[in-house]
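Look over the structure first, then read on.

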Amino acid sequence: MFCDVCVTLNGFLLRKRLSRIVGPEAEARRVAKLRRVATSVGREGQSLFAWRRRPTLFNVLVAEVMLQHTPTARVVPVYERFLRSWPSPGRLAVAPISRLERTIETLGLHRSRARFLRGLGRSLTRRKGRRSSAQLGALPGIGPYTAGVTAAVVSRERVGFVDGGIARLVRRFDGQPTMTMRAASDRVATLMSAGDPRLIAWGLLDISRTTCRFREPLCLTCDLQGVCRTAAADGPHATKTSGPAALA
Ligand code: SF4
């Protein structure tokens, strides 16, 4: 049982928290804060993975294909082995399928992925140079998320994109659990309208993977806690227990 004073005080504190994150000015501050935090996290994580240390179109696309439905930790050694054997689209375009399958078999879906990767090598060999998200999306088997995140990282295109993890982060940040994927992607596009799209993209990916996790989001130490509508409405509900290693 709560006494009347406690109920009044709780209501007051909740209204005060909400007033900091509702309204046009508060909204602009929230977006700017999310952009700043994502940029900072992205900068910290820019050398975490081989595909980030050398973010060419080929490297990023190969990594994205491997990362689909596969934990990052499992992709890292396979990606490095793969790039040693097939460091360019031209080499990949003529790779024997059986060898490709053996190299990536620990990722699962290796038969379809091997064929897809070789097809990717052929597509990139036929036409070299940078591509927009629209051009990437026209390649066989490349969906809107892969096209968008690749263009943001490789060409620093100001474009929206969303996968399950980023959608979760955006929905919680805005306190809208039923937000559509399309709306979440538009939200990311707004975020991308300023700043460095590459760092923002990496930051969103890392925050969703390591802090705004599916289970037990680490709200207590999340840098977005003060502007996150879910944290304001529900209260922070977890404690960060892991260090930088959690990024891997
Ligand atoms: S405060 Fe919590 S719910 Fe909000 S973005 Fe951070 S981890 Fe996610």
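## The chain as a whole

The chain has 248 residues, and buried residues make up 37% of them. Keep in mind that this is a predicted model.

The secondary structure is helical: the chain has 14 helices and zero strands. Read along the sequence, the pattern is α-α-α-α-α-α-α-α-α-α-α-α-α-α. Now take the contacts between residues at least 6 apart in sequence. Of these, 62% join residues at least 24 apart.

## A covered helix

Helix α10 spans residues 144-154. Is α10 mostly covered or mostly uncovered? It is mostly covered, with 10 of its 11 residues buried. Among the buried residues are Y145, T146, G148 and T150. The list also includes A147, V149, A151, A152, V153 and V154.

What do these buried residues pack against? Their partners are α4 (57-67), α9 (133-137) and α13 (197-210). Just after α10 comes R156, which takes a positive phi of about 55 degrees.

## Around the ligand

How many residues surround the ligand? There are 14, and the closest are C212, P217, C219, C222 and C228. By class, the shell has 10 nonpolar residues, three polar and one charged.

Which helix gives the most? That is α11, with three residues.

Notes
Residues are numbered from 1 along each chain as its sequence is written. This is a predicted model: local features need pLDDT of at least 70, side-chain atom pairs count only at pLDDT 80 or more; totals for chains, interfaces and linings use all residues. A residue is near a molecule or strand if its C-beta atom, placed from the backbone, lies within 6 Å of it. Helices (H or I, at least four residues) and strands (E, at least two) are DSSP runs, numbered from the N terminus. Ala, Val, Leu, Ile, Met, Phe, Trp, Tyr, Cys and Pro count as nonpolar, Asp, Glu, Lys and Arg as charged, and the others, Gly among them, as polar. A residue is buried if 20 or more other C-beta atoms lie within 10 Å of its own, exposed if 12 or fewer, and partly exposed in between; C-beta atoms are placed from the backbone. Two residues are in contact if their C-beta atoms, placed from the backbone, lie within 7 Å.
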